[in-house]
Each structure stands twice: as structure tokens, then as C-alpha cells.
Amino acid sequence: MENFHELLVNRHSIRKYTDTEIPGDYVKTILEAALMAPSSKRSQPWQFVVVEEKRMLETLSHCKEAGAAPIAHCSLAIVVTADPEKGDAWIEDAAIAATYMQLQAEDLGLGSCWIQIRGRFTADGMSADEYVKENLNIPANMMVLCIVTLGYKDEERKPFNADKLLWERIHLDEWREQE
Ligand SMILES: Cc1cc2nc3c(=O)[nH]c(=O)nc-3n(C[C@H](O)[C@H](O)[C@H](O)COP(=O)(O)O)c2cc1C
């Protein structure tokens with residue numbers, strides 16, 4: 001990507017992936033991005049589980065009733081967890097790390113999608129967090145924020161149209177209700 005703004009204009013969630021494997025050095029670069037993410041008081045409360053095994057990806061795709069299907073078909077998924085005891089801003093910290101990974105992936109020409117886990121439930125009513133932790137042997141004290149799916153893009157998304165951005169959400173000097 002030539003410049004960062006262009007990357008943002010072109011980034012969209014990608015839910016369909018080709019079978020092409022992600023090179024190991026790309027995975028390392030994406031994980032480096034996560035480990036360089038800023039965190040409140042430098043608490044770095046996150047830990048990440050990289051899942052490549054197809055059968056496990058299929059299992060994880062059932063972590064919630066809807067919206068988790070991309071996990072089954074991605075090349076690799078990164079489970080974003082954090083320890084709430086290590087930082088009261090763990091949700092923000094983990095969200096920034098996940099976003100860093102998504103942007104880094106985009107820069108490498110990969111597609112990604114955030115799959116929300118926190119506050120979601122399986123079709124049977126089990127917490128998605130518990131489901132993911134049980135399957136991946138993640139300690140009970142950790143919380144699972146989301147799963148970032150990754151892979152080479154197998155769908156085309158249109159770039160953002162600058163004319164359609166929600167400028168009415170921006171207030172100058174003070175809040176003014178829009179007519
Ligand atoms: C907090 C959060 C939770 C999301 N959860 C899901 C999800 O569970 N499944 C999914 O397919 N996409 C999920 N997404 C992706 C959004 O649907 C997507 O970012 C949004 O529709 C805007 O589209 P774009 O990313 O293509 O620009 C999530 C995104 C965020 C930021």
C-alpha cells in the first residue's frame with residue numbers, strides 16, 4: 001500500500017478467503033504489530049492464540065449463533081485474549097491490538113475480519129468466551145475479546161467513497177444538533 005490513508009480507504013472486512021497459505025514471515029509481522037500496540041499504562045494485558053488447524057477452525061466457527069462463519073474458511077485465526085486483572089482498560093487494549101493486526105494484514109495484501117466473542121453466545125446459550133476457552137485450553141482468568149480471521153482475499157470490496165462519509169457526526173467547537 002502506497003500510503004496509510006489509501007490503506008484505510010481500501011480496507012473492508014473480508015469474509016471469503018482463497019486456499020493460499022499465509023507465509024510464515026507475514027504471520028510474524030502481523031503478530032509483531034499486535035505486540036507493538038499501545039496499552040493503558042503499558043499494561044500489555046493481552047495474549048494471542050494462533051490457530052491454523054482446519055478442524056479447530058471449524059469448531060471455533062460454532063462459537064456463536066451467527067457471524068462466526070468466516071472462521072471455518074480462513075487460512076489462520078488469531079484469538080485475542082486479555083487478563084482483566086492486568087489492566088482495567090483491557091477491552092480497549094485488546095481492541096487496539098486486534099485493529100493493529102487487521103491494518104498490518106491489509107498492508108500485506110491480506111483480508112481480515114473481526115469476529116466478536118465478548119458478550120456473545122453459542123446456539124445452545126453457552127458464552128462464546130467459555131466455548132473458545134474450553135476448546136483452546138485458555139486459562140479461566142483470561143477474557144476472549146474477538147477472533148481475527150486472516151487469509152488471501154477471495155472477494156472484492158469497493159473502497160470508501162469520501163463524499164459519503166458521515167461528516168454530520170463531527171462537531172466543531174461545540175456540539176450542534178443537525179437539522
Ligand atoms: C467490534 C466489532 C465486532 C464485529 N463483529 C463481527 C462479527 O462477529 N462477524 C463479522 O462477520 N463481522 C464482524 N465485524 C465486522 C463489521 O461487521 C464490519 O467492520 C462493519 O460492517 C463495517 O464493514 P467494513 O469493515 O467492511 O468496513 C465486527 C467489527 C467490529 C469493529
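Predicted model: local features only at pLDDT ≥ 70, side-chain atom pairs only at ≥ 80, totals over all residues.
**Strands, rings and a ligand**

Biologist: Which other strands pair in the antiparallel sense with β2, and which strand do 7 bridges join to β4?

Modeller: Strand β1 (residues 46-51) pairs with β2 over 6 bridges, antiparallel, and V49 has V79 as its bridge partner in β2. Strand β3 (residues 110-116) runs antiparallel to β4, with 7 bridges. There, L110 has Y152 in β4 as its bridge partner. The strands are DSSP runs (E, at least two residues), and helices are runs too (H or I, at least four), all numbered from the N terminus.

Biologist: Why is V80 called buried?

Modeller: Buried means under 20% relative accessible area (over 50% is exposed, in between is partly exposed; 1.4 Å probe, protein chains only). V80, in strand β2, has 0%, so it is buried. Its C-alpha atom is 15 Å from that of A68, 12 residues apart along the chain.

Biologist: What makes β2 covered on both faces?

Modeller: L76, I78, V80 and A82 on one side are buried, and so are A77, V79 and T81 on the other. In β4 (residues 143-152), 8 of its 10 residues are buried.

Biologist: Why is E106 called buried?

Modeller: E106 belongs to helix α5 (residues 90-107). Its relative accessible area is 5%, so E106 is buried. The side chains of E106 and K153 are joined by a polar contact of 2.8 Å. A polar contact is a pair of N or O atoms within 3.5 Å; within protein, one must be able to donate a hydrogen and the other to accept it, and residues adjacent in sequence count only if both atoms are side-chain atoms.

Biologist: Why is the pair of W46 and F48 called tilted?

Modeller: The search of the whole structure finds 1 aromatic pair. The ring centres of W46 and F48 are 5.7 Å apart and the planes are at 35°, so the pair is tilted. Rings of Phe, Tyr and Trp (its six-membered ring) pair with centres within 6.5 Å; planes under 30 degrees apart are stacked, over 60 edge-to-face, and the rest tilted. W46 and F48 are both buried.

Biologist: Which residues surround the ligand?

Modeller: Among them are R11, H12, S13, R15, K64, W114 and F160; a residue counts as near if one of its heavy atoms lies within 4 Å. From an oxygen atom of the ligand, an N or O atom in the side chain of R15 is 2.7 Å away, and one in the side chain of K64 is 2.5 Å away. For R11, a polar side-chain atom lies 3.1 Å from a ligand oxygen atom.

Terms used. Residues numbered from 1 in each chain as written. Heavy atoms only, no water. Pairing = 2+ DSSP bridges.
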